Amino acid sequence: MADINLKEITLIVGVVTACYWNSLFCGFVFDDVSAILDNKDLHPSTPLKTLFQNDFWGTPMSEERSHKSYRPLTVLTFRLNYLFSELKPMSYHLLNMILHAMVTIIFLKVCKLFLDSRSSMIAALLFAVHPIHTEAVTGVVGRAELLSSIFFLAAFLSYTKSKGPNNSIVWTPIALTVFLVAVATLCKEQGITVVGICCVYEVFIAQGYTLPLLCTTAGQFLRGKSSIPFSMLQTLVKLIVLMFSTLLLVVIRVQIIQSQLPVFTRFDNPAAVSPTPTRQLTFNYLLPVNAWLLLNPSELCCDWTMGTIPLIESFLDIRNVATFTFFCFLGALGVFSLRYPSDSSKTVLMALCLMALPFIPASNLFFPVGFVVAERVLYVPSMGFCILVAHGWHKISKKSLRHKL
């Protein structure tokens, strides 16, 4: 944190406090009731080992009705709150506010890897005040997002130190990264997605490769015209270590949930039990819906269930235009970020990775989840969005005609 000064920290803490001070006087609502008020794992009389046997809601992982959300470190912080103030909500909300400020400060550190100081501060301040975070910060159960984000960002920052002189491998930061990924995953499942971001960083940022260069090198190697460069071999070793560690974490996770996915009802996620092509069309449409919430968070909802987003049952539904437009825009940014070696391309690439990879577990694209839309899961993806906005602001402000504007 050496390159973050006290003035920046004070400004961030002040802005976060101004935004969320009123949350200190809130009670427990919605999922807080199940996770806090009805959860016996918070009580000192419950053995500490039970936290590592039950899910987020206090249900044994072995039971069929378990939600399979394994977040013992988050529940441990609830238990510490209970020791301090039992079921008085103020301490729970205060800790959430402090954690959000901590995430924002660490995010500022990450931004400075890809943006100048002023643009980094713009991104961090936008992240601090973005309305999409209301559920994650003001809702006590949103602490899973906050805690996971701290270790998520810390793991990434640790990995950026793994490149030594002459492209040598520094193993201590990699070992620390693996440990922090495991801790982030014990706070919330999406913590493991930081491994994907580290891999992209290694290939396209640390090593400076572009997609055309990788394709050319691979083509020459397959035709026997050249050998793999030593720097690329070093990169492969690091990626293999990361992937093996991730696979190990996934295997452990599967063992914990006993190879069973949670069972959700039509009420939780109507599209998940709908026939083809309704299921696919609706799930793909939810991606631009989430992107729109980041861009224009004017209509937020605490519980996006049942009919809040009607199913798309036909290819002729006008909402498919939004899906098509979203993928075209995302594809254009992806081509720009992977094809060109400029600093701007690298910034856009990391922003896209932060937006897309942490969202994959909640996207419904690979396995159904227990909600249609949940604003709390946009907490980490909004980091990538804030970097994109700050980068765009920087590009526009450099033009003399638009500088003052």
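Predicted model: local features only at pLDDT ≥ 70, side-chain atom pairs only at ≥ 80, totals over all residues.

Reader: How many salt bridges does the structure hold?

Author: The structure holds eight salt bridges. The term stands for a side-chain nitrogen of Lys or Arg within 4 Å of a carboxyl oxygen of Asp or Glu.

Reader: Which residue forms a salt bridge with Asp 3?

Author: The partner of Asp 3 is Lys 109, and their closest N and O atoms are 3.1 Å apart. Asp 3 lies in the segment before helix H1 (6-20) and Lys 109 in helix H4 (residues 89-111), so the pair ties together parts that are 106 residues apart in sequence. Helices here are DSSP runs (H or I, at least four residues), numbered from the N terminus.

Reader: And is Lys 109 buried or exposed?

Author: Lys 109 is buried, with a relative accessible area of 16%, while Asp 3 counts as partly exposed at 39%. Buried means under 20% relative accessible area, exposed over 50%, and partly exposed in between (1.4 Å probe, protein chains only).

Reader: What does Glu 8 meet in a salt bridge?

Author: The side chain of Glu 8 meets that of Lys 112, at 3.0 Å from N to O. This pair links distant parts of the chain, with Glu 8 in helix H1 and Lys 112 in the loop between H4 and helix H5 (117-129), 104 residues apart. Glu 8 is buried at 11% relative accessible area, and Lys 112 is buried at 18%.

Reader: Which residues are linked in a network of salt bridges?

Author: Arg 71, Glu 189 and Arg 253 are linked in such a network.

Reader: Turning to helices, at what angle do H9 and H11 pack?

Author: Helix H9 (residues 194-206) and H11 pack at an angle of about 175°, and their axes are 10 Å apart. The axes are lines fitted to C-alpha atoms over the stretch in contact, and angles run from 0 to 180 degrees between N-to-C directions. The two helices are therefore roughly antiparallel to each other; that label applies to angles over 145 degrees, whereas those under 35 count as roughly parallel, 65 to 115 as roughly perpendicular and the rest as oblique.

Reader: Which residues in H9 meet H11?

Author: Val 195, Cys 198, Cys 199, Glu 202 and Val 203 do so, and their partners in H11 include Leu 239 and Leu 242. Contact means heavy atoms within 4.5 Å.

Reader: What about Ile 240, where is its place?

Author: Ile 240 is in helix H11 (residues 230-256), and at 57% relative accessibility this residue counts as exposed. Together with Phe 230, Leu 233 and Leu 236, Ile 240 makes a nonpolar surface patch of about 410 Å². Patches are made of residues with over 30% relative accessible area and no salt bridge: like charges are joined within 9 Å, and nonpolar side chains (Val, Leu, Ile, Met, Phe, Trp, Tyr) within 5 Å. Accessible areas come from the Shrake-Rupley method with a 1.4 Å probe, and for residues only the protein chains shown count as cover.

Reader: Last one: which residues is Leu 37 in contact with?

Author: Leaving aside neighbours within four places in sequence, Leu 37 is in contact with Phe 28, Asp 32 and Leu 87. The C-alpha atoms of Leu 37 and Leu 87 are separated by 7.1 Å, although these residues are 50 residues apart along the chain.

How values were computed
Residues numbered from 1 in each chain as written. Heavy atoms only, no water.
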